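The sequence and structure come first.

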Amino acid sequence: MAGALIVTAELAPRDLAWLDSLRRANYPAERNQLPAHLTMFRAVPPSAEGEVRRSLARLAAEAPAQASIAGLMDLGGGVAFRIVSADLDAMRRQLAANFHGLLSAQDSGGWRPHVTIQNKVSAKEARVLLTSLEREFRSRALGIAGLGVHRYLGGRWERAETYSFRGR
């Protein structure tokens with residue numbers, strides 16, 4: 001939905017740089033319109049922007065979310081890092097309750113937090129990257145700097161606001 005709002009957990013600069021370098025190296029360049037990101041909601045109606053902003057500002061006033069990169073995900077035609085965070089899970093549940101009745105079927109369903117570093121490639125190409133990454137994979141902390149709201153512009157996103165966590 002053009003103009004829809006996208007809610008993200010904003011990656012800390014060092015982790016964003018690392019994940020985005022992997023994304024640029026492995027995502028087909030002609031299809032890679034976005035930096036690495038951790039999406040919490042994909043299509044909140046633009047009419048809810050005020051409510052979204054107020055909700056994110058309230059959550060960001062709390063302590064920073066703790067998160068980790070816990071594994072890899074096979075997307076069939078791509079690869080992602082699986083993210084684990086009880087803090088982000090709780091925030092998402094609270095936001096989902098706040099946005100009840102406004103969410104798409106996809107956003108109302110379960111959440112599988114991840115950062116995609118490759119997509120829209122053949123299954124064979126994805127398996128090669130997955131196998132390569134699995135050989136060296138070690139779980140690690142993932143810095144979450146805050147929460148963000150973006151506008152969907154038919155492929156690209158426009159950042160509307162970032163709400164940094166207190167103490168960041």
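The sections below describe a predicted model, taking aromatic pairs, a helix and a histidine in turn.

## Aromatic pairs

Three aromatic pairs turn up in a search of the whole structure. In one of them, the ring centres of W18 and F81 are 5.4 Å apart and the planes meet at 35 degrees, so the pair is tilted. W18 belongs to helix α1 and F81 to strand β4, so this pair ties together parts 63 residues apart in sequence. F81 is buried at 3% relative accessible area, whereas W18 is partly exposed at 29%. Ring pairs join W18, F81 and F137 into a cluster, and R140 lies over the face of W18, 4.0 Å from the ring centre.

The rings of F41 and F99 have centres 5.8 Å apart and planes at 70 degrees, so they form an edge-to-face pair. F41 is in strand β2 and F99 in the loop between α3 and α4, 58 residues apart. F41 is buried, at 0% relative accessibility, and F99 is buried with a relative accessible area of 0%.

## Helix α5

Helix α5 spans residues 123-136 and reaches 21 Å between its first and last C-alpha, close to the expected 20 Å. Its buried residues are A126, L129, L130 and L133.

The face turned away from the buried side carries exposed K124, V128 and R135. Cover for the buried residues includes α1, β3, β4 and β5.

## H37

H37 sits in the loop between α1 and β2 and is buried, at 18% relative accessible area. Its side chain reaches the backbone oxygen of P35 at 2.7 Å. Among the residues H37 touches are L11, R23 and W157. R23 also lies over the face of Y27, at 4.3 Å from the ring centre.

How values were computed
Residues are numbered from 1 along each chain as its sequence is written. This is a predicted model: local features need pLDDT of at least 70, side-chain atom pairs count only at pLDDT 80 or more; totals for chains, interfaces and linings use all residues. Side-chain values use heavy atoms; hydrogens and water are left out. Helices (H or I, at least four residues) and strands (E, at least two) are DSSP runs, numbered from the N terminus. Buried means under 20% relative accessible area, exposed over 50%, partly exposed in between (1.4 Å probe, protein chains only). A polar contact is a pair of N or O atoms within 3.5 Å; within protein, one must be able to donate a hydrogen and the other to accept it, and residues adjacent in sequence count only if both atoms are side-chain atoms. Contact means heavy atoms within 4.5 Å. The expected span of a helix is 1.5 Å times one less than its number of residues. Rings of Phe, Tyr and Trp (its six-membered ring) pair if their centres lie within 6.5 Å; planes under 30 degrees apart count as stacked, over 60 as edge-to-face and the rest as tilted. A charge sits over a ring if NZ of Lys or CZ of Arg is within 6 Å of the ring centre and within 35 degrees of the ring normal. Lists of a residue's contacts leave out its neighbours within four places in sequence.
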